[in-house]
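Welcome! Please take a look at the sequence and the structure below, and then let us walk through them together.

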Amino acid sequence: MKGKKVVSLVIAGAMTAAMLAGCGSSAGSGASNDVKSTSAGSTASAGNGSVEEFNLYATGSDNVRAIFETLTDDFNNNSEYAGKYKCNLTFMLSGTGAASMTDGLVAAYKANQKDSGYDLVDLSGDDLSKVVSQIGEDAFVKLDKSKIPNASGVSAKSSVATDYVQPYRGTTVVLAYDSDKVTDVPKTWDDLTNWIKANPGRFAYNQPGTGGAGDSFARTSVYNYLPEEAFTSDDPSWEDKWDDGFNYLKDIHSSMYKSGGAVVYPAKNQGTLDLLNQGEIDMCPNWADMVLSQRKSGQIKDSIKITQITDKPLTGSLQSLAIPTFGAHQDAAYAFIDYMLSEQAQQTMVTEMAAIPLIDTSKLDMSGFEDLENLDTSNFRIQSIGDLSTDFNERWDNEIATLG
């Protein structure tokens, strides 16, 4: 969709992880569950010209950690807010780190804390859905957009807690393929299914629960048999309607990548991308930002391209910021949200992690990342199923991974 501005992105669903991330909480290589804080000190209120410190909590994979460290440093030292506010980042690498953050938010709210330290939080779709389902959207500040002037040109919306969170970047899972080997690139879901069966062993998706690309492929396969509203619902009744989709996953199982004669589902998003780069497979689902950033850095071959399924696209993620009501530095949190939607920050996210920007791309240098502009964002498909993701992954483990 050449020439279409990403600013036209209007999201009908509420993300994922994300999602993210590639972006999104599941978008990277799935590093260990470490917690890293850029500051061990407590926050201090501004007064008599002093700098007001506030805490930002975020989670994701290692590439997301790196970008947050870059952005918080830039905010603290080079932005229009430098010298007035200082952001202290606490980052939890994907895995149980995400659970620790969401559990901490829920616990702080239920304990009726007034200065919990959670001044600003970064949430993907599933995490947002989980938190809202437990403590409600009113646990977050209803955003005053007059305090976020850079949000005026952003049309991306979350359907969960729409008025309480501000999306600042997007990503989506696409098909990554080796263009030296694949000339008849699938465009529809039926095309993809036929390609997989016609090329046994040349396709792989990572184990759901180990990375968002595999989550997206497995969930899309199942939820293609359900009404669209199921994509953004954590209603347990949908579980009773998963059978057709799981039968589809069973049907294509024998055509998946094999090693030693047995089907293997790699761990993590990086696992499938490594197989693609090594020539072990010819196609896999992966995050657009992950593929493009690694191709630009030379980590993977230039022949690896991306494409979208047009009729039943793989799911993506909106990453959003929210201000808990039980934090203590709302003005500082608003300032950081506004910064994240500045040309300065959006350009950094494009250049360093190939994130889909949410402002008009004509204001940015998209050199090397033109693929992002070619994504049909009007057909973006977001999924947020909350705690159902746990049951989904357990069923996949029991019914698909055990097929051998």
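In strand 9, which residue is the bridge partner of A176? The partner is I306. Let us keep that pair in view while we explore the strand that holds it.

## What kind of model this is

This is a predicted model. The mean pLDDT of the protein is 86, and 85% of its residues reach 70 or more. Over residues 1-34, however, the pLDDT is below 50, although this stretch has 161 contacts in the model beyond near neighbours in sequence. Residues 39-47 also have a pLDDT below 50, with 18 contacts of that kind. Where pLDDT is low, predicted coordinates should not be read in detail.

## The overall picture

The protein contains 12 helices and 11 strands. Of its 404 residues, 59% are buried. Its accessible surface comes to about 14900 Å², and carbon and sulfur atoms account for 43% of that surface.

How many bridges does strand 5 form with strand 10? There are 7, and the two strands pair in the antiparallel sense. Strand 10 spans residues 316-322, and its residue G316 stands opposite T172. Strand 8, made of residues 283-287, is antiparallel to strand 5 and joined to it by 5 bridges; here P285 stands opposite L175.

Strand 9, residues 304-307, also runs antiparallel to strand 5, with 4 bridges between them. This is where A176 meets its bridge partner I306. Strand 11, residues 356-357, pairs with strand 5 over 2 bridges, again in the antiparallel sense. In that pairing, G170 stands opposite I356.

A side note for reading any strand: in a regular strand the side chains alternate between the two faces of the sheet.

## Inside the nonpolar cores

Next, look for the largest nonpolar core, which has 101 residues. Its members that touch the most other members are F203, Y205, F217, Y223, L249 and F336. Helix 9, residues 330-340, gives the most to this core, with 8 residues. The core also draws at least three residues from each of two domains: domain 1 (34-170 + 317-372) and domain 2 (172-316 + 386-403).

Which residues does Y223 touch, leaving aside those up to four places away in sequence? They are A230, F231, W242, Q383, I385, L388 and F392.

## Two residues with positive phi

Most residues other than glycine have a negative phi. With that in mind, find N112, whose phi is near 60°, a positive value in a residue other than glycine. N112 sits in the loop between helix 2 (96-110) and strand 4 (120-123).

A161 is not a glycine either, yet its phi is positive, at about 50°. A161 is found in the loop between helix 3 (125-135) and strand 5.

Are these two residues buried or exposed? N112 counts as exposed because its relative accessibility is 53%, and the cut-off for exposed is over 50%. A161 has a relative accessible area of 4%, so A161 is buried, the cut-off for buried being under 20%.

Conventions
Residues numbered from 1 in each chain as written. Predicted model: local features only at pLDDT ≥ 70, side-chain atom pairs only at ≥ 80, totals over all residues. Heavy atoms only, no water. Pairing = 2+ DSSP bridges. Buried < 20%, exposed > 50% of the residue type's maximum accessible area, 1.4 Å probe, protein only. Core = buried A, V, L, I, M, F, W, Y, C linked by side-chain atoms within 4.5 Å. Domains from an automatic or database assignment. Contact = heavy atoms within 4.5 Å. pLDDT = per-residue confidence, 0-100. Areas by Shrake-Rupley, 256 points an atom, 1.4 Å probe, with all protein chains shown as cover.
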